[in-house]
Amino acid sequence: MTSPLTRSIEAPAKINLFLRVLHRREDGFRELETLFQMLDVADDVRVRFDPAGPSGVVTLDVDGPDLGAVEDNLAVRAVRAFMAASGVRGSVHVSLLKRIPAGGGLGGGSSDAAAVLRLLAELIAELPKGSSLPEAGLHTIATNLGSDVPFFLGVTPLALGRGRGEVLSPLPALPAVPVVLALPPVHVSTAEAYSALAASPAAEAVVQPRSDDIVADLDWARIATLAENDFEGIATAGYPAIARSIEGLRGAGARVALLSGSGAAAFGVFESSAAAAVAATTLESELGWPFVVTATRDAPPQSMKG
């Protein structure tokens with residue numbers, strides 16, 4: 001009888017170095033073009049798979065904020081989708097140590113789901129019969145779970161995303177730089193953000209994606225010229241705290257300051273760790289909500305046994 005198998009991995013947050021919402025697709029979704037970048041701040045994800053356990057039993061414990069019903073958790077949904085696609089039987093327990101703020105556009109739930117998929121794929125490969133799920137199968141599951149999930153499955157911390165975000169072009173990693181995350185005390189609904197954007201005068205304009213060479217020879221100076229987020233105007237108009245966060249980061253010397261995803265988190269890219277630390281301390285004192293110092297990642301996380 002095979003003993004339970006356990007693996008763990010960091011599930012990093014992400015920011016969008018640019019995010020453009022383009023034309024409406026035939027399936028009703030809007031075409032996106034975005035540059036994903038992983039951050040050092042991360043959840044810890046641990047998966048215990050028991051091949052001899054009762055099949056279909058999935059349990060979860062979370063150290064961090066209450067994320068609602070277990071069955072609605074994206075990590076649990078990832079387990080169920082993986083087990084259905086692979087046909088592997090057994091029970092799974094997922095442990096999450098949450099560090100990524102929820103609902104901020106930083107991808108915490110999506111990253112957790114991708115981490116679970118990756119760990120399960122590695123765990124079933126350790127079974128005596130050598131089970132496996134093809135990479136394409138993992139990508140399909142990830143896409144069905146959410147538009148950001150495929151990025152977190154990738155092998156590079158930087159990627160151009162198109163389609164709904166799931167059509168990925170991995171890019172060479174950039175040198176790690178300090179980042180300050182602004183976490184204002186508001187929540188932006190992604191669905192409401194899209195609805196507001198759809199109601200804007202330019203909503204039905206057919207906007208073409210940039211050419212592929214837009215991301216050739218990228219460096220941080222180049223990114224500063226590309227940085228934009230089509231949700232930012234809506235978010236700052238509806239939530240003054242977001243506008244104050246972004247203005248504060250720019251005023252503190254950030255070379256790039258932008259909304260991440262549909263918000264509510266914003267981020268600033270700084271020249272040095274010292275400048276980032278001063279900006280975070282000053283802005284938190286002035287504005288009254290958290291400003292967290294982290295950094296971009298120049299390599300994806302690696303899993304560990306046990």
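A polar contact is a pair of N or O atoms within 3.5 Å. The views below show a predicted model.

**View 1. Asp219 and its contacts with backbone nitrogens of Ala221 and Arg222**. Asp219 sits in the loop that runs between helix 5 (190–198) and helix 6 (220–226). Its side chain reaches the backbone nitrogen of Arg222 at 2.7 Å and that of Ala221 at 3.3 Å. Asp219 has a relative accessible area of 38%, so it is partly exposed. Pro175 is 44 residues from Asp219 in sequence, and the two C-alpha atoms are 8.4 Å apart in space.

**View 2. Helix 1, residues 74–86**. A side-chain oxygen of Asn73 comes to within 2.8 Å of the backbone nitrogen of Ala75 at the start of the helix. The 13 residues of helix 1 should span 18 Å at 1.5 Å a residue, and the end C-alpha atoms are 18 Å apart, which agrees. Buried residues in helix 1 include Leu74, Val76, Val79, Phe82 and Met83. Just after the helix, Gly87 has a positive phi of about 75°.

**View 3. The aromatic pair of Phe36 and Phe151**. The whole structure contains 2 aromatic pairs. Phe36 and Phe151 form a stacked pair, with 4.7 Å from centre to centre and 15° between the planes. This pair links distant parts of the chain, with Phe36 in strand 2 (residues 30–50) and Phe151 in helix 4 (residues 149–153), 115 residues apart. Phe36 counts as buried because its relative accessibility is 2%, and Phe151 is buried at a relative accessible area of 1%. Phe36, Phe151 and Phe152 make up one aromatic cluster.

Key:
Residues numbered from 1 in each chain as written. Predicted model: local features only at pLDDT ≥ 70, side-chain atom pairs only at ≥ 80, totals over all residues. Heavy atoms only, no water. Helix = DSSP H or I, 4+ residues; strand = E, 2+ residues; numbered from the N terminus. Expected span 1.5 Å × (residues − 1). Buried < 20%, exposed > 50% of the residue type's maximum accessible area, 1.4 Å probe, protein only. Polar contact = N/O pair within 3.5 Å; in protein donor to acceptor, adjacent residues only side chain to side chain. Phe/Tyr/Trp six-rings, centres within 6.5 Å; stacked < 30°, edge-to-face > 60°.
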